[in-house]
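Thanks for coming, everyone. Let me put the structure up before I start talking.

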Amino acid sequence: MGESASGLAIETSGLVKVFGETRAVDGVDLAVPAGTVYGVLGPNGAGKTTTVKMLATLLRPDGGRARVFGHDVLHEADAVRARVSLTGQYASVDEDLTGAENLILLGRLLGHRKPAARRRAEQLLEAFGLAEAAGKQVKNYSGGMRRRIDIAASILNTPDLLFLDEPTTGLDPRSRNQVWDIVRAVVSRGTTVLLTTQYLDEADQLASRIAVIDHGKVIAEGTKGELKASVGAGAVHLRLRDAERRPEAERLLARVLEARIQLDPDPVALTARVGLRGDGAGAAEQASRALAELARSGITVDTFSLGQPSLDEVFLALTDRPAARTGAPENEANEEQEIPA
Ligand SMILES: Nc1ncnc2c1ncn2[C@@H]1O[C@H](COP(=O)(O)OP(=O)(O)OP(=O)(O)O)[C@@H](O)[C@H]1O
Ligand SMILES: [Mg+2]
C-alpha cells in the first residue's frame with residue numbers, strides 16, 4: 001500500500017494559495033492517515049478545490065509545504081502523481097465517447113493492452129451499475145451516471161490516494177447513496193480517500209476524520225465524535241404534537257436547559273444543544289427535567305431523542321452560521337457494491 005513512515009497519506013503545514021487579493025488557502029495544516037476517508041468540509045469558496053489541486057500537483061502552492069506519501073508535491077511531483085488519482089468538479093472523461101470507450105481509452109493510456117483494458121472497463125461498468133449505459137455517449141448520461149463514470153475512470157488503476165472533490169453535489173438521494181457505496185468499496189480496498197463536501201451528513205456518513213474549513217483556514221479538525229463533543233454534551237430533539245405551542249416550548253427549554261434552542265424547518269420540531277452544567281447534571285438528566293417541565297405545562301411531546309449534536313450544529317457553533325443543507329432524505333437501503341481489483 002505504501003505509506004510514508006508517519007503512516008500519513010497527506011501532511012501539509014501552512015499551505016497557502018493566493019489569487020490576487022484572495023487568500024484562497026490561508027495556512028492549512030492537514031494530517032490524513034493512510035487507508036481512511038478524510039473529509040474536508042466547507043461552504044462555497046472555502047478553499048476545498050484549491051487545496052485538492054495543490055495536493056494533486058495541479059496548482060503550485062504559494063507558501064507552506066505539502067507531502068503525499070512522504071513526497072513533496074513541488075519537488076517530487078512525479079512521485080506524487082504516480083500515487084494519486086482525482087475526480088472533481090472538472091471533467092476527466094470525453095463527452096462524445098461512450099462510457100465503455102472512455103474507460104478503454106483511459107486504460108490504454110495507462111499502458112494496459114487492449115483485451116485487459118476492455119476487461120477492466122467491463123468490470124467497472126458492471127460494478128458501477130453502468131453496464132446498460134456502456135454504449136451510450138457520456139453527454140447523454142444523467143448527473144448520477146456521469147459522476148459514477150468519473151469515479152470509475154479515476155480508479156482504473158487502483159490509486160493509493162483518491163481525491164474526490166464534491167462527488168455528490170447536485171445528485172438525487174439515490175445517486176448519492178450509490179456514490180457513497182462506491183467510496184466505501186474503494187476505501188475497503190486500501191485506497192485513502194480525501195473527500196471534499198459541503199454536506200455535513202456526507203462527511204458524517206463516510207469520513208473517519210474531518211477538517212472543517214472556512215475562508216481558507218481549518219477552523220476545526222478531529223474525529224466526528226471529537227467535533228461533536230467540542231460543541232456540547234449532546235442534543236435534544238423534540239417533536240411537539242402542536243406547532244402552536246412551539247414558541248412556548250422554546251422559552252421553557254431555554255430556561256430549563258440554559259441552552260440555545262434551534263427551531264428546525266419542521267414546524268413542530270426543536271433542537272436544544274445541551275452542555276455540561278455547573279451543577280454537573282449530564283445531558284440525560286437535563287433532558288428528563290426538561291420533559292417533566294413540558295408535561296407540567298401541558299405541552300405534548302410526540303417524539304423525543306437525545307443524541308450527539310449533528311455536524312450541522314457543529315458548523316453553526318463554529319461559524320455562527322449554518323452550513324449548506326442537502327435537503328436529502330435519510331439513507332435508503334442499498335445493494336452492496338463490489339469493486340473488482
Ligand atoms: N483560478 C482562480 N482565480 C481566482 N480566484 C480563484 C481561483 N480559483 C479559486 N479562486 C477563489 O478562491 C477561493 C476558494 O475557491 P475554491 O474553488 O477552492 O473553493 P471551494 O471550497 O472549492 O468552493 P466550492 O464549494 O464552491 O467548490 C474562492 O474565493 C474562489 O473564488
Ligand atoms: Mg470546489
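First, a caution. This is a predicted model. Everything I quote is computed from it.

Now the overview. The protein has eleven helices and 14 strands. It holds 341 residues, and 41% of them are buried. Then the contacts. Take those between residues at least 6 apart in sequence: 70% of them join residues at least 24 apart.

Four strands make an open sheet, and the order is β2-β1-β4-β5. The pairing is antiparallel. Which strands stand at the edges? They are β2 and β5. Each has a single partner strand, so one side of each has no neighbour in the sheet.

Look at β1 and β2. Strand β1 covers residues 8-19, and nine bridges join it to β2. They run antiparallel. One pair to find on screen: Val 16 has Asp 26 in β2 as its bridge partner. The two strands form a hairpin with two residues between them. Gly 20 in that hairpin takes a positive phi near 55°.

Strand β1 also pairs with β4. That pairing is antiparallel too, over five bridges. Keep both names in mind.

On to the interior. In soluble globular proteins, nonpolar side chains tend to be buried together. Here the largest nonpolar core has 72 residues. Seven of them touch the most other members: Leu 55, Val 68, Leu 103, Phe 163, Val 183, Leu 194 and Leu 195. Take Leu 55. Leaving aside residues up to four places away in sequence, Leu 55 touches Ile 10, Ala 66, Val 68, Val 73 and Phe 163. A second core is separate and has 15 residues, including Val 236, Leu 240, Leu 257 and Ala 259.

Now a helix, α5. It runs over residues 143-154, which is twelve residues. From first C-alpha to last it reaches 17 Å, close to the 16 Å expected at 1.5 Å a residue. Is α5 enclosed or in the open? Nine of its twelve residues are buried, so α5 is largely enclosed by the rest of the structure. Charged residues are on the buried list: Arg 147, Arg 148 and Asp 150 are among them. The buried residues pack against β6 (84-87), α3 (99-109), α4 (114-127), β7 (161-165) and α6 (173-188).

Zoom in on Ile 149, in helix α5. It has 26 C-beta neighbours inside 10 Å, so it counts as buried. Which residues does Ile 149 touch, beyond four places away in sequence? They are Val 93, Gly 99, Asn 102, Leu 130, Val 138 and Tyr 141. Asn 102 is 47 residues from Ile 149 along the chain, yet their C-alpha atoms are separated by 8.8 Å.

For contrast, go to strand β14, residues 301-307. The number buried among its seven residues is zero, so β14 lies largely in the open. Six bridges join it to β11 (residues 234-240), and the two run antiparallel. Within that pair, Arg 239 stands opposite Thr 303.

Most residues other than glycine have a negative phi. Thr 57 has a positive one, about 65°. It is found in the loop between α1 and β4 (63-68). Thr 57 counts as buried, because it has 20 C-beta neighbours inside 10 Å. The other is Phe 69, with a positive phi near 50°. Its place is the loop between β4 and β5 (71-72). Phe 69 has 23 C-beta neighbours inside 10 Å, so it is buried as well.

That's the tour. Questions, please.

Definitions and conventions:
Residues are numbered from 1 along each chain as its sequence is written. Chains are lettered from A and ligands numbered from 1 in the order in which they are written. This is a predicted model: local features need pLDDT of at least 70, side-chain atom pairs count only at pLDDT 80 or more; totals for chains, interfaces and linings use all residues. A nonpolar core is a set of buried Ala, Val, Leu, Ile, Met, Phe, Trp, Tyr and Cys residues joined through C-beta atoms within 7 Å. Two residues are in contact if their C-beta atoms, placed from the backbone, lie within 7 Å. The expected span of a helix is 1.5 Å times one less than its number of residues. Two strands pair if DSSP finds at least two bridges between them.
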